[in-house]
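Dear colleague,

Here is the structure I said I would pass on. My notes follow below it.

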Amino acid sequence: MGMKRHQAEDADSVRRVLREGTNLDRRSLFVSAAAFTAVAATPALAQAPATPARRILVKDDSRVLNIGATVRSGNYWNFTTFMTPIEEFYVRNHYPTPRVEDKPVLARETWKLKVHGASVERPFEIGYEDLLKMPSRSIIATMECHGNGRTLFWEQGGFTGQQVGGGNWVMGAVGQAEWQYVPMSAIFARCGVKPDAATVLFWSGVDGNDMGRPMPFADIASRADDIGVCFAMNGNPLTPDHGAPVRIVVPGWGGTASIKWVTEIRITNKRVWTRLNTKGEVYLGPTYSAPEHAADDEFLPGVTAADIKGPMVTWMPPKSTLTVPLVIDKSPSIPANYPLKRGELPKLSAGRQTMRGYAWAPQHGVNTVEYRIDGGPWQRAAIQAPNLGRYTWVRFTFPWDATAGTHVVETRTTDNAGVSQPEQIPLNTLGMANWSIPKFRIEVV
């Protein structure tokens, strides 16, 4: 699909959401900033009555990067803290943030979680206050959108907007928080799980009509204390844009596995296919093969066996970024409030500089971070304390005697399994999980 056609379809979807609400049969509401700007400028919206406009997000978004109608990336070049403040945490919604006034189930006093399914021995429902009385844990973990780093396909991989589609997150669709949750081990103990359990489906029920993410039961059972039903973020109750009152948290996997505004957990003995693991958050490309499926699998409305073309994205790979804005030169779009114009290089003063960045590798944890200048030898960066283990990122620094001129600075993470960021990754048309070595062009003056 050409970029203009893609933007036209997305623009039409935004109009319909603003007019009709979020219960649309849509594969995605991931629109470009250009598409949303076009919608905002249409006479139909410009001449609307003077009633307050429906807000796409609830929180003040002045401290995040506007890359589209329902999505905001982090201003990663301004990151300094180990924990990401809520105001700076990226937002990846598929639809406008659902509001209590439109969806009463989101009020704490009316919210219910239904746990049921063919592989459940003792189905149950639980309200918010009773959920908080269950055994809970907290975990510090990064959360990252599958599309973070998609920009590298365009800027470094040589691919066009026709070959790789999606929003221009640059490097900021990642953040770190303390998540407080009831672990799935406690949920499983309460409901009882039959030996034939194959899939756990986390379902929203209020965020559009297609927002559910299946996970293999074995993947959850293998770390059932780390995955859970989350009700607090950074010590406070969840906010609306981040899933209030309750969401799922799956540390290490791409963010869409951590379904927001969850109302249902269904455990079944079949494989389950939804938009998110067929058309949405999957690797599609010439080097990827369709995953195994069978005739008796369960297909939710809107998807069929013909839609299964590539594997679902699960673990996020090792990555790194400098706290320097990446040059955007070749991308099909540029975020509305990006600090650099197209093709503009960030500037640093000549002389001794301390370069800073973040690195993460949630499957095995960060072992080392390296850097190199202008294609020279790789050198070890200094990792700042704390390094709290596999799910957390680290901050790193290195000195640079910067001389006048244009330079390229690269960073590379190696995890505790010995896996390092590569120079390039194969094409996938949705731009998922690009973990290639980022190249930061910097003008020293």
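Two strands are taken as paired if DSSP finds at least two bridges between them. The model is predicted, and what follows should be read with that in mind.

Sheet

On that criterion, five strands make up an open sheet with mixed pairing, in the order E17-E24-E23-E19-E20. Its edge strands are E17 and E20 (379-380), each of which pairs on one side only. Strands E23 (residues 405-415) and E24 (residues 439-444) run antiparallel and are joined by six bridges. Within this pairing, valine 409 has phenylalanine 440 of E24 as its bridge partner.

Salt bridges

The whole structure contains 19 salt bridges.

Glutamate 144 and lysine 319 form a salt bridge in which the closest N and O atoms are 2.7 Å apart. Glutamate 144 belongs to strand E6 (residues 137-144) and lysine 319 to strand E16, so this pair ties together parts that are 175 residues apart in sequence. Both glutamate 144 and lysine 319 are buried.

A salt bridge also joins the side chains of glutamate 423 and lysine 439, at 3.2 Å from N to O. Because glutamate 423 sits in the loop between E23 and E24 while lysine 439 is in strand E24, the pair links parts 16 residues apart in sequence. Glutamate 423 is partly exposed, at 40% relative accessible area, and lysine 439 is also partly exposed, at 29%. Both residues belong to a network of salt bridges that links Arg372, Glu410, Glu423 and Lys439.

Threonine 323

Threonine 323 is in the loop that runs between strand E16 (319-322) and strand E17 (347-348). Is this residue buried or exposed? Its relative accessible area is 18%; buried means under 20%, so threonine 323 counts as buried. Apart from neighbours within four places in sequence, threonine 323 is in contact with Tyr76, Trp77 and Phe79, and also with Arg356, Gly357 and Tyr358.

Regards

Notes:
Residues are numbered from 1 along each chain as its sequence is written. This is a predicted model: local features need pLDDT of at least 70, side-chain atom pairs count only at pLDDT 80 or more; totals for chains, interfaces and linings use all residues. Side-chain values use heavy atoms; hydrogens and water are left out. Helices (H or I, at least four residues) and strands (E, at least two) are DSSP runs, numbered from the N terminus. Buried means under 20% relative accessible area, exposed over 50%, partly exposed in between (1.4 Å probe, protein chains only). Contact means heavy atoms within 4.5 Å. A salt bridge is a side-chain nitrogen of Lys or Arg within 4 Å of a carboxyl oxygen of Asp or Glu.
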